[in-house]
Amino acid sequence: ERTIWTMAEYNGGTAPERQPVMVYGWTLPKSKKIAFQNLFRTDDNISKENLSRTSAARDEVVAALDSGSASAAITAFEKYFPLLYGLVVSVEENPDLRLNSPLNFTWSSAFDPKPSKPQFYTCYTYRFEACMAVITYGFCHLMKSAELIASAGGEGEEENWKKALNFLKTGAGIFEYAADRELNRWLDIPKEKPLELNLQVCKAFPGYILSVAQSLTIRKALKAGTTSKSVMAKLAIDVWRKSEQFHLAFKGLPEYKKDIDANFKTWLVALESLTKAAAYKYMGASSYEEEKWGIALSYLNVAASDVKNVEMPSATSPLARYRNEWQGCREDIEHVQRSYANENNHIYFHKTIAANELEMPDGKTLVTLQSWMPPQPGYNRL
């Protein structure tokens with residue numbers, strides 16, 4: 001999709017309005033294979049078969065994650081979940097089960113700055129496996145939606161956007177389940193763990209994912225051209241507020257300054273700055289329609305100031321993939337600000353007001369999550 005437009009196209013009215021759709025380039029966590037049938041001490045043939053099936057399904061998950069294919073991983077997880085929860089239920093209901101050797105689960109993090117050589121975390125509880133499996137399944141939905149958004153354009157654009165919205169709404173529901181039903185039940189969570197197992201971080205993901213979905217809805221509305229600027233402003237304010245909360249969830253962590261990857265922190269600043277600028281831009285456009293020229297310019301002055309906080313990545317930066325998107329959004333804001341300033345300075349001569357005097361209404365949530373629950377256990381005894 002084209003993201004950079006010339007000044008002549010902006011002045012001629014052929015350049016489209018922009019709404020940032022911000023999805024970070026997380027990598028799918030990885031894991032290591034486990035042969036459950038060799039670890040559990042049992043002479044029951046049905047139990048052995050159940051354990052072998054569970055191992056085989058988990059091996060498919062590991063292989064799919066290694067391939068980096070979100071689609072393949074989604075399919076593999078949907079086969080694995082009934083067997084995983086069957087194993088969890090069987091162990092919880094039979095405390096007398098014995099192991100031939102220690103059972104440990106190993107996972108990497110979606111936030112690992114070196115995904116080609118990830119750091120692995122090992123834990124001996126089934127809660128670790130359930131939490132990481134569900135959260136990784138949520139990341140698969142987020143990454144699949146990003147693929148669809150990136151491929152939008154041409155005849156299949158509407159269908160891709162519709163599919164992306166469904167993946168986003170389901171992904172938000174998966175993260176909500178992980179935070180409320182899995183992480184909340186884990187009382188002895190280790191200190192050394194993947195960042196996504198921090199409850200504060202996991203709880204922030206549903207709102208963030210819905211902000212992406214709502215940004216996509218705004219883009220569709222911009223293309224249709226039938227939604228009022230005042231409604232667009234409220235939708236964009238909701239996106240900004242959710243993005244702000246996502247940023248704050250990470251800034252509030254003790255490890256934020258030292259342990260979180262610098263590229264991700266740069267992206268978080270861009271996320272909050274660009275979504276805030278878009279919200280102020282639509283507020284300005286709404287005021288412009290009401291012929292409040294000075295107030296319209298005041299909103300755009302704030303927006304133009306905020307986009308200056310976005311650090312444009314170099315061609316060799318890991319963030320280079322976002323450069324065109326970020327630059328397109330910034331140029332859109334700056335063009336509108338210059339246009340309003342020229343009109344007001346030469347025609348209307350209305351006073352501008354300070355940023356802290358500008359009204360900012362409550363946002364409007366249009367997109368809601370799709371609740372998710374794991375399937376019924378595939379078995380209940382070993």
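1. Overall make-up. The protein contains 12 helices and two strands, and, when the elements are read along the sequence, they follow the pattern α-α-α-α-β-β-α-α-α-α-α-α-α-α. Taken along the principal axes, the box filled by the C-alpha atoms is roughly 90 × 45 × 40 Å.

2. Of the 382 residues in the protein, 53% count as buried. Among the contacts with a separation of 6 or more, 78% come from residues 24 or more positions apart.

3. Confidence. The mean pLDDT of the protein is 92, with 96% of the residues reaching 70 or more. Among the elements, strand S1 (residues 105–107) has the highest mean pLDDT, at 98, whereas helix H1 (residues 7–12) has the lowest, at 39. Over residues 1–15 the pLDDT is below 50, although this stretch has 28 contacts in the model beyond near neighbours in sequence. Where pLDDT is low, the predicted coordinates should not be read in detail.

4. Thr-42 and its setting. This residue, Thr-42, lies in the loop between helix H2 (36–39) and helix H3 (45–67). Is Thr-42 buried or exposed? Thr-42 counts as buried because its relative accessibility is 18%, which falls under the 20% cut-off for that class.

5. The surroundings of Thr-42. When neighbours within four places in sequence are left aside, Thr-42 is in contact with Ser-47, Lys-48 and Leu-51. The side chain of Thr-42 also reaches the backbone nitrogen of Asp-44, at 3.2 Å. As for Leu-97, this residue is 55 residues apart from Thr-42 in sequence, while the two are 8.3 Å apart in space, taken from C-alpha to C-alpha.

6. Asp-332 in helix H12. The second residue to look at is Asp-332, which is placed in helix H12 (residues 323–348). With a relative accessible area of 3%, Asp-332 is buried. Which side chain does the side chain of Asp-332 meet in a polar contact? The partner is the side chain of Lys-281, and the distance given for this polar contact is 2.6 Å.

Conventions:
Residues numbered from 1 in each chain as written. Predicted model: local features only at pLDDT ≥ 70, side-chain atom pairs only at ≥ 80, totals over all residues. Heavy atoms only, no water. Helix = DSSP H or I, 4+ residues; strand = E, 2+ residues; numbered from the N terminus. Buried < 20%, exposed > 50% of the residue type's maximum accessible area, 1.4 Å probe, protein only. Contact = heavy atoms within 4.5 Å. pLDDT = per-residue confidence, 0-100. Polar contact = N/O pair within 3.5 Å; in protein donor to acceptor, adjacent residues only side chain to side chain.
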